[in-house]
Amino acid sequence: MGVPLAEITFISDYRVYLSRRCAHRCGYCNFQQTPANLPPSRKAVRALLHTAGRIGAHQITLTSGEGIDQWDEISSACRYMGYRGWYDYVHAMARFVLQQRGHHLFFPSLDVGAMPWHELRKMRDAVANVRMMLHSIDNNLQTEIAHRDAPHKCLERRLAALEEMASVGIPMVTGIQVGIGESEETWGQTARIVSDIHRRHGSIQNFVVSPFEPQPYSLMAAYPPVSAEVFLRAVRTVRDNLHSSILLSPEIGRSIELLPDLDQMGISDIGSVTLGNSEHLDLDIRSAIHHIMIDPSGVDLKQRMALCEDFIARRALPEDLTNNIQRFSRFMEQTRGLDHQRPTDSQTGLGGNDARASNHDTVA
Ligand code: SF4
């Protein structure tokens with residue numbers, strides 16, 4: 001008998017840009033320096049979901065910059081489409097994603113930055129998880145290129161926002177980016193602080209460790225990417241300081257060659273793998289992942305849901321989410337890799353090819 005393959009899980013993700021506008025300018029992000037269309041209509045989102053489904057994505061991350069909810073152009077665009085404002089629009093888009101029927105099956109993840117408690121509470125019936133990265137809690141970065149124009153990323157404000165959001169009880173994804181000029185001490189410190197928040201609220205699902213890769217047009221476009229050695233050191237440090245019930249997810253993206261190193265460290269998840277977004281598809285990473293899945297050598301790469309089993313077991317979930325969890329489980333029994341056959345209605349237990357109607361059917 002051969003040595004059993006190590007199993008590493010991931011989420012197949014597709015990002016829908018609700019807006020690239022942002023009130024801040026982090027050095028490693030290019031949202032402020034790239035064209036920002038107005039929020040897409042339901043019809044436009046439907047077309048994006050069709051693409052997402054065809055490439056095998058199951059998590060739809062609805063993303064935007066931060067602090068734009070009161071901007072006139074955003075509020076006006078949302079009202080024009082029939083929504084009360086930005087958060088009403090975001091909620092409607094998340095419900096729309098969750099309620100897709102037919103052979104596409106999606107879990108909405110929200111990545112729109114810090115949100116007021118009462119607005120996040122309203123999202124509980126619409127999202128599988130909420131993502132709010134800390135990036136770094138190193139306050140020295142407030143005078144460096146990474147966070148010089150991002151006062152909301154100082155330790156005190158970011159942690160207060162995370163604590164408030166964690167208290168709502170939606171599974172949360174947070175974490176750090178490695179290689180943006182932060183002190184190495186802050187890696188373990190962040191893991192301990194997040195673990196404390198988790199002890200109080202029980203809602204931190206994943207801690208992401210993400211490697212810095214320079215983004216075109218960002219302020220740090222000419223900076224070198226973080227080395228594999230430094231990145232793996234950060235993963236090890238976080239692993240040694242993180243609460244055992246938080247899933248550690250080094251999001252290696254295109255750096256698939258790191259899988260054996262991560263496996264040796266006992267890492268069992270690599271979080272979200274983005275197969276595409278509103279603007280382009282990453283067919284190379286899709287192809288690489290697909291081939292490992294159908295022909296595993298060294299690691300057995302498996303898709304997982306946007307919610308961990310632990311959260312599913314101990315939370316009262318909205319009906320639509322429960323339906324999708326059941327459908328996903330059946331779906332995974334039938335397939336391997338990212339290309340899957342279309343299950344029949346009797347296999348999914350649910351019929352129909354169209355999304356359900358919503359209050360905004362006639363508007364967008
Ligand atoms: S707050 Fe988020 S979207 Fe805005 S610049 Fe920073 S990383 Fe980019």
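A residue is called buried if 20 or more other C-beta atoms lie within 10 Å of its own, exposed if 12 or fewer do, and partly exposed in between, with C-beta atoms placed from the backbone. This is a predicted model, in which local features need pLDDT of at least 70 and side-chain atom pairs count only at pLDDT 80 or more, while totals for chains, interfaces and linings use all residues. Residues are numbered from 1 along each chain as its sequence is written.

Arg236 is partly exposed, because 17 other C-beta atoms lie within 10 Å. Arg236 belongs to helix α7; helices (H or I, at least four residues) and strands (E, at least two) are DSSP runs, numbered from the N terminus. Between Arg236 and Leu262 there are 26 residues in sequence and 9.1 Å in space, C-alpha to C-alpha.

Helix α7 (residues 228–241) also packs with helix α6 (residues 185–201): their axes come within 8 Å and cross at roughly 35°. Axes here are lines fitted to C-alpha atoms, for helices over the stretch in contact, and angles run from 0 to 180 degrees between N-to-C directions. The crossing of α6 and α7 is right-handed, that is, the near helix is turned clockwise from the far one by less than a right angle, anticlockwise being left-handed. On the α6 side the contact is made by Trp187, Gly188, Ala191 and Arg192, and on the α7 side by Ala234, Thr237, Val238, Asp240 and Asn241. Two residues are in contact if their C-beta atoms, placed from the backbone, lie within 7 Å. The contact residues divide into four nonpolar, three polar and two charged. In this classification Ala, Val, Leu, Ile, Met, Phe, Trp, Tyr, Cys and Pro are nonpolar, Asp, Glu, Lys and Arg are charged, and the others, Gly among them, are polar.

Next come the strands. Strand β6 (residues 204–211) is largely enclosed by the rest of the structure, because eight of its eight residues are buried. Strand β5 (residues 172–178) runs parallel to β6 and is joined to it by seven bridges; two strands pair if DSSP finds at least two bridges between them. Gly175 has Val208 as its bridge partner in β6. In strand β8 (residues 269–277), eight of the nine residues are buried, so β8 too is largely enclosed by the rest of the structure. Strand β1 (residues 6–19) pairs with β8 in the parallel sense over six bridges, and Ile11 has Ser272 as its bridge partner there.

Ser109 lies in strand β3 (residues 107–111) and counts as buried, because it has 25 C-beta neighbours inside 10 Å. Leaving aside residues up to four places away in sequence, Ser109 touches several others, including Gln59, Thr61, Val127 and Ala306.

Most residues other than glycine have a negative phi. His135, in the loop between β4 (129–131) and α5 (155–166), has a positive phi near 65°. Tyr217, in the loop between β6 and α7, has a positive phi near 75°. His135 is buried, with 25 other C-beta atoms within 10 Å, whereas Tyr217 counts as exposed, with 12 C-beta neighbours inside 10 Å.

Which residues surround the ligand? They are Cys22, His24, Arg25, Cys26, Cys29, Phe31, Gln32, Gly65, Glu66, Gly113 and Ala150, where a residue is near a molecule if its C-beta atom, placed from the backbone, lies within 6 Å of it. By class, this shell has five nonpolar, four polar and two charged residues.
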